[in-house]
There are 2 protein chains.
Amino acid sequence: MSLRYALIALLTGRPMTGYEVSKRFGASVGHVWHAPDSQIYPELRRLESEGLLTGEDVPWGTKARTKTRYAVTAAGEAAFREWMNSPASPHHSRDPAYLRAAYLDWADPMKARQYLLSQKQFHTERLVVLEATRAMLADRTHPVLAARLESIDEAEHERIIAFRTYAYDGMIARERADLKWVEDGLRLLAAND
Amino acid sequence: MSLRYALIALLTGRPMTGYEVSKRFGASVGHVWHAPDSQIYPELRRLESEGLLTGEDVPWGTKARTKTRYAVTAAGEAAFREWMNSPASPHHSRDPAYLRAAYLDWADPMKARQYLLSQKQFHTERLVVLEATRAMLADRTHPVLAARLESIDEAEHERIIAFRTYAYDGMIARERADLKWVEDGLRLLAAND
DNA sequence: AGAGAATACCTATGGAGATAGTTATTTTCG
DNA sequence: CGAAAATAACTATCTCCATAGGTATTCTCT
């Protein structure tokens, strides 16, 4: 249910084709809400059919092929704003890492160690990406943000950047907490075996 | 894909009926991997048909009604152990909270504040539950854990408890990080409006 | 004893999400 | 200049998950 709002949010920056959306997505809202393109293309169509986006056919290649360029409609913006104003509902976390951690006694100690080492690797890599993106937001070099700011009054810029970076601060803090937890896990394993 | 292993993990403690599973689930593995009973019952059946669980029909009530008591088979334990030994794959976080946070400039400031206040409430409540459960694991009063320990050599107990509490430590640390983040959000809102 | 509440057990359905493709066009480089 | 690689644009399918039910049995209270 959130994917559609992630897509609208992305497209408020500027109109994009499906492919552009699916690429940009990975480097911006995608950090916040992951989705593969097999989900993105159909959802874009659905949003168009519901009138939240317009889809303009743009010629592509030689034959009568076209690609679709999507833009947010007034109805789309309204729906997004409405979602942003809706009350919070509790969120069920569902992270296999905790499940595996709880039952690490079932695993082969070597495999458990390998597992934690790759977890550590994943978290470290993600931290790098998140911090780099956060920096690009803060100095306004992030392309999606830059496009968005262009259509907006200068006085608002600070406020918008503050919220965008705030979201990344949360993800970074979580990532750091997870990383520390994984390191504790490695120590725990070492102490036990 | 993790639900089945959460169910097997729960049932290694002792055999349970579907209803017992769905109740105990919420108070143990369910913290780690949430699932509604509409998912639990069919998955139990599937696991039975795959031979990872046995389902014994137990009479219930007057007429020829029965309920099913499930127990883990050797194949089930093997499958669980195999899963525990499989390599890690990166996990895509998908938390609507970050999406909303990033675009808080679209929300009505009052609504945004209300939203963050309920988020704070959710995190606080969950923290209480997690810490209480962690304590029950540490002092061995947690019923699912206690049942599991009974069938296991005393020398292993410490190690098992260490991993179970370790998982909760991770969830608690994440919850604390999130809570702090929400509080930062409230301050950010207050500063901006 | 009978009504209502709580417990026990389970199903139907639709949408969200993961995995794994396909086809066409443009760029690169030996 | 032709083959291989990269880019662009999508689709099909199957499983997972959420929402929202349903019915039978036992407990509780007046």
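This is a predicted model: local features need pLDDT of at least 70, side-chain atom pairs count only at pLDDT 80 or more; totals for chains, interfaces and linings use all residues.
A polar contact is a pair of N or O atoms within 3.5 Å, and within protein one of the two must be able to donate a hydrogen while the other must be able to accept it.

Chain A is divided into domain 1, which covers residues 3-85, and domain 2, which covers residues 96-192. The C-alpha centres of domain 1 of chain A and domain 2 of chain A lie 26 Å apart, and the contact takes nine residues from domain 1 of chain A and eleven residues from domain 2 of chain A. Between domain 1 of chain A and domain 2 of chain A, five residue pairs are in polar contact, with both residues at pLDDT 80 or more, while the count of salt bridges across this interface is zero. On the side of domain 1 of chain A that touches domain 2 of chain A, helix H2 (18-27) and helix H3 (29-32) of chain A each supply at least two residues. Sorted by class, that side of domain 1 of chain A has three nonpolar, four polar and two charged residues.

**The interface between the chains**

The next interface is the one that chain B forms with chain A. Here 65 residues of chain B are in contact with 66 residues of chain A. The size of an interface is often given as the accessible area lost when the parts come together, and the table sets out this value for both interfaces.

| Interface | Buried area | Share from carbon and sulfur atoms |
|---|---|---|
| Chain B and chain A | about 7,000 Å² | 63% |
| Domain 1 of chain A and domain 2 of chain A | about 800 Å² | 61% |

Of the area that chain B buries against chain A, Trp106(B), Tyr166(B) and Arg174(B) supply 14%, which is more than any other three residues. Arg174(B) also forms a salt bridge with Asp95(A), in which the closest N and O atoms are 3.2 Å apart. Between chain B and chain A the count is six salt bridges, and the rule for polar contacts finds 23 residue pairs across this interface, both residues being at pLDDT 80 or more. Several elements of chain B give two or more residues to the side that touches chain A, including helix H1 (3-11), helix H7 (109-138) and helix H9 (154-192) of chain B. The largest share of this side of chain B, 21 residues, comes from H9(B). By class, the residues of the side of chain B that touches chain A divide into 34 nonpolar, 14 polar and 17 charged.

**The sheet of chain A**

In chain A, three strands form an open sheet in the order S1-S3-S2, and the pairing is antiparallel. Strand S1 (16-17) and strand S2 (53-59) of chain A stand at the edges, each with a single partner strand, so one side of each has no neighbour in the sheet. S2(A) is joined to strand S3 (residues 66-72) of chain A by seven bridges, and across this pairing Asp57(A) stands opposite Thr68(A), while Gly55(A) stands opposite Tyr70(A). S1(A) and S3(A) pair in the antiparallel sense over two bridges, with Thr17(A) opposite Arg69(A) in S3(A).

**A salt bridge within chain A**

Side chains of opposite charge can pair when their charged atoms come close. Over all chains, the count comes to 28 salt bridges, and one of them joins the side chains of Arg4(A) and Glu50(A), at 3.1 Å from N to O. Arg4(A) lies in helix H1 (residues 3-11) of chain A and Glu50(A) lies in the loop between helix H4 (37-49) and S2 of chain A, so this pair ties together parts that are 46 residues apart in sequence.

Conventions
Residues are numbered from 1 along each chain as its sequence is written. Chains are lettered from A and ligands numbered from 1 in the order in which they are written. Side-chain values use heavy atoms; hydrogens and water are left out. Contact means heavy atoms within 4.5 Å. Buried area is the accessible area (1.4 Å probe) that two parts lose on being put together, summed over both. A salt bridge is a side-chain nitrogen of Lys or Arg within 4 Å of a carboxyl oxygen of Asp or Glu. A polar contact is a pair of N or O atoms within 3.5 Å; within protein, one must be able to donate a hydrogen and the other to accept it, and residues adjacent in sequence count only if both atoms are side-chain atoms. Helices (H or I, at least four residues) and strands (E, at least two) are DSSP runs, numbered from the N terminus. Ala, Val, Leu, Ile, Met, Phe, Trp, Tyr, Cys and Pro count as nonpolar, Asp, Glu, Lys and Arg as charged, and the others, Gly among them, as polar. Domain bounds come from an automatic or database domain assignment. Two strands pair if DSSP finds at least two bridges between them.
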